[in-house]
Amino acid sequence: ASGASDIILYKIDVPANRYDLLCLEGLVRGLKTAAVRPYAVAAVLRNITFTQERYDSFIELQEKLHQNICRKRSLVAIGTHDLDTISGPFTYTAKPPGDICFKPLNQTKEYTATQLMSLYKTDSHLRHYLHIIEDKPAYPVIYDSNGVVLSMPPIINGDHSKIALKTKNVFIECTATDLTKVQLTGEHRNLVTCCSFSVIKKSGSKLDLELAYRKEKLSSEFINRKVGINESTEKIAQLLTRMCLLSQVTGVGDEIEVEIPPTRSDVIHACDIMEDAAMAYGFNNIPRTTPRTYTVANQFPLNKLTELLRQDLAAAGFTEALNFALCSQEDIADKLGKKIADTRAVHISNPKTAEFQVARTTLLPGLLKTVAANRKMPLPLKLFEISDVVLKDETKDVGARNSRRFCAVYYNKSPGFEVIHGLLDRTMQLLEVKSARGTGYHIQAADDSTFFPGRCAEIFVSGKSVGRLGVLHPDVINRFELTMPCSALEMDLEPFL
């Protein structure tokens, strides 16, 4: 390598949708983007009075939010501080752990962030949260204007600004990996009492948001019909008001105007309002009625047949496999010695991986890949699968149809055609189809590129072809990275319903 350049070149793959990264300036901007907990929300509660009961409830709410909507602090972490002990403006940044030093909550001396990670590894409460930022090159930290550390989210607050019963003004900060979750958490975390708050986006710009109320209109007839009750418009408005959805009758027919507060982020559709009305009315108070449509539940016939067959095929000594419904084009075409245009395969328009390009048109490749993954298991390998394949069908409204198939393979030092043939006879016996031409079933020689020449047969039931069985072609076996002979059977089950 004498005379070679010492310049280090980096190759960076840019996804097709990120045109902003195609220039040096955009790439630098992208690299500078915050890599840890990029979002923050803050609020101030002023002139509050804590009692022991209120204080305990305040802390308890914070912990409950941490466990559910915050997903054990992994999505959002909440910090509360005595505003009178700190001074704004506040700075949310990230620093190497060795550069962060402060006295954490309920400790008597200062620690670096690196030391804190070691200290809290044995803490029964905080050790569960260390993994969230432990492997990050920089840890998030919040400072006030005097350089006092408020918190190192999502692990611990500073001791300097801890709240107490005497606290009158509370500063609340929420840091997060998800903007939507931090907004919802902020609203629930007593920010309801604030008129507005700021979301600090990772670009550094501020976006002022309001805790907006919105109004929806719906009819009492809709609620009565959906719930199965017969109440007046006024009574339904009262029921909704009881559920914290302030409602009033508009006077236009049976219309009700419902005010949805920002704390009810679960109310998306009129059906959510209807559900609240049902809960306020009381599910046990809804009169029981006989359904107007008389139905008797029963198992879907095709599934019933499938379940019955599975049991007996397993009893015949075959092990069931369950494979993906999507596969590569190569699996159902090239590897089986066929052309993709002849397979009637449904293609995925924008596949994320080469393994999931098309919907499978045959169960055989999945079983052969299962055999290949279990070559170290003792021989013989006897596998089966009963599942759906997908075929193009212009007569269907979606342009394709599902077809329930049965497939089995026998993999051993000898081809074992007699084993697969015996399984076919046993399957037909279970399906109560006799071996006879015309009304029963029979097999006759066929040519198929997947199978060895002269070792393939087509299965006919009542004169119609339902599948094939035979010894697989050596080329097919090699393409699936197998080394032993293999015989296979695949047939359609739907004609037997």
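Predicted model: local features only at pLDDT ≥ 70, side-chain atom pairs only at ≥ 80, totals over all residues.
User: What is the strand order of the open sheet of four strands?
Analyst: Strand 3 and strand 6 pair in the antiparallel sense over five bridges, and Thr91 stands opposite Tyr143 in strand 6. Strand 7 (residues 149–152) and strand 8 are also antiparallel, with two bridges, and Ser151 has Asn157 in strand 8 as its bridge partner. With antiparallel pairing, the open sheet of four strands has the order 3-6-7-8. Each pairing on one side only, the edge strands are strand 3 (91–95) and strand 8 (156–157).

User: Which residue takes a positive phi in the hairpin of strand 6 and strand 7?
Analyst: Five residues lie between the two strands of this hairpin. The positive phi there is near 85°, and the residue that takes it is Gly147.

User: How many of the residues of strand 6 are buried?
Analyst: A residue is buried under 20% relative accessible area, exposed over 50% and partly exposed in between, with a 1.4 Å probe and protein chains only. Tyr139, Val141 and Tyr143 point one way from strand 6, Pro140 and Ile142 point the other way, and all are buried. Strand 6 (residues 139–143) is therefore largely enclosed by the rest of the structure, the buried count being five of the five.

User: At what angle do helix 6 and helix 7 pack?
Analyst: Axes are lines fitted to C-alpha atoms, for helices over the stretch in contact, and angles run from 0 to 180 degrees between N-to-C directions. The axes of helix 6 (residues 233–242) and helix 7 (residues 270–281) are 8 Å apart, and the packing angle is about 90°. Helix 6 is thus roughly perpendicular to helix 7, since angles under 35 degrees count as roughly parallel, over 145 as roughly antiparallel, 65 to 115 as roughly perpendicular and the rest as oblique. The value asked for is about 90°.

User: Which residue in strand 14 is the bridge partner of Gln248?
Analyst: Three strands form an open, antiparallel sheet in the order 12-14-13, with strand 12 (214–219) and strand 13 (247–249) at the edges, so one side of each is left without a neighbour in the sheet. Strand 13 is joined to strand 14 (residues 255–260) by three bridges, and the two run antiparallel. In strand 14, the bridge partner of Gln248 is Glu257.

User: Is Asp393 buried or exposed?
Analyst: Asp393 sits in the loop between strand 18 (381–392) and strand 19 (400–411). Contact means heavy atoms within 4.5 Å, and, leaving aside neighbours within four places in sequence, Asp393 is in contact with Gly399, Ala400 and Arg401. Because its relative accessibility is 15%, Asp393 counts as buried.

Conventions
Residues numbered from 1 in each chain as written. Heavy atoms only, no water. Pairing = 2+ DSSP bridges.
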